[in-house]
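Biologist: Can you walk me through this model? Start with the conventions, then the structure.

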Amino acid sequence: MDRSIDYVIAVAECKSISQAAEMLYISQPSLSRYLSNLENELGVNLFVRTLNGTELTAAGKIYLEYAKEIKLLKEIGLKFEFDDLL
């Protein structure tokens, strides 16, 4: 899950899969494929791909909001018992 959070945050911030891939030190096709697989797994598009880059969809904005919260919680050392949330 950490990887998907970092990848989605990077693409959202860069507004470009190519620029995000460069920032993450991975290839653009690998990042593009990873995002497509994530979107298929979630059943929603997180990004709209345009000639000018990428834009977040409504679902992407929600995912990004929670991704940033999760990343922040991990950075400050809080751990969740996910079983308790279900």
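Modeller: Helices (H or I, at least four residues) and strands (E, at least two) are DSSP runs, numbered from the N terminus. This is a predicted model, in which local features need pLDDT of at least 70 and side-chain atom pairs count only at pLDDT 80 or more, while totals for chains, interfaces and linings use all residues. Residues are numbered from 1 along each chain as its sequence is written, and side-chain values use heavy atoms, with hydrogens and water left out.

Biologist: Fine. How many helices and strands are in the protein chain?

Modeller: The protein chain has five helices and two strands. Along the sequence the pattern is α-α-α-β-β-α-α.

Biologist: And what share of the residues counts as buried?

Modeller: Of the 86 residues in the protein chain, 29% are buried. Buried means under 20% relative accessible area, exposed over 50%, and partly exposed in between (1.4 Å probe, protein chains only).

Biologist: What part of the contacts comes from residues 24 or more positions apart?

Modeller: Such pairs make up 42% of the contacts with a separation of 6 or more in the protein chain. Contact means heavy atoms within 4.5 Å.

Biologist: On to packing. At what angle do α1 and α3 cross?

Modeller: Helix α1 (residues 2-14) and helix α3 (residues 28-42) cross at roughly 110°, and their axes come within 11 Å. That makes α1 roughly perpendicular to α3. Axes are lines fitted to C-alpha atoms, for helices over the stretch in contact, and angles run from 0 to 180 degrees between N-to-C directions. Angles under 35 degrees count as roughly parallel, over 145 as roughly antiparallel, 65 to 115 as roughly perpendicular and the rest as oblique.

Biologist: Which residues make that contact?

Modeller: From α1, R3, S4, Y7, V8 and V11; from α3, L31, Y34, L35 and L38. By class, the contact of α1 with α3 has seven nonpolar residues, one polar and one charged. Ala, Val, Leu, Ile, Met, Phe, Trp, Tyr, Cys and Pro count as nonpolar, Asp, Glu, Lys and Arg as charged, and the others, Gly among them, as polar.

Biologist: S4 is on that list. Is S4 buried or exposed?

Modeller: S4 counts as buried, at 5% relative accessibility. Leaving out residues up to four places away in sequence, S4 touches Y34, L38 and Y63.

Biologist: What about α2 against α3: how far apart are the axes?

Modeller: The axes of helix α2 (residues 17-24) and α3 are 8 Å apart, and the helices pack at an angle of about 110°. α2 and α3 are therefore roughly perpendicular to each other. I17, S18, A20, A21 and L24 of α2 meet Q28, L31, S32 and L35 of α3. The classes in the contact of α2 with α3 are six nonpolar, three polar and no charged residues.

Biologist: Change of topic. Where is A67 found?

Modeller: A67 is in helix α4. A67 is buried, with a relative accessible area of 3%. Apart from neighbours within four places in sequence, A67 contacts I5 and I9. The C-alpha atoms of A67 and D6 are separated by 8.2 Å, and the two residues are 61 residues apart along the chain.

Biologist: Last one, T57. Where is T57 found?

Modeller: T57 sits in the loop between β2 (53-56) and α4 (58-75). T57 is buried, at 17% relative accessible area.

Biologist: What does the side chain of T57 reach?

Modeller: The T57 side chain reaches the backbone nitrogen of G60 at 3.0 Å. Not counting residues up to four places away in sequence, T57 touches N45, L46, F47 and V48.

How values were computed
Polar contact = N/O pair within 3.5 Å; in protein donor to acceptor, adjacent residues only side chain to side chain.
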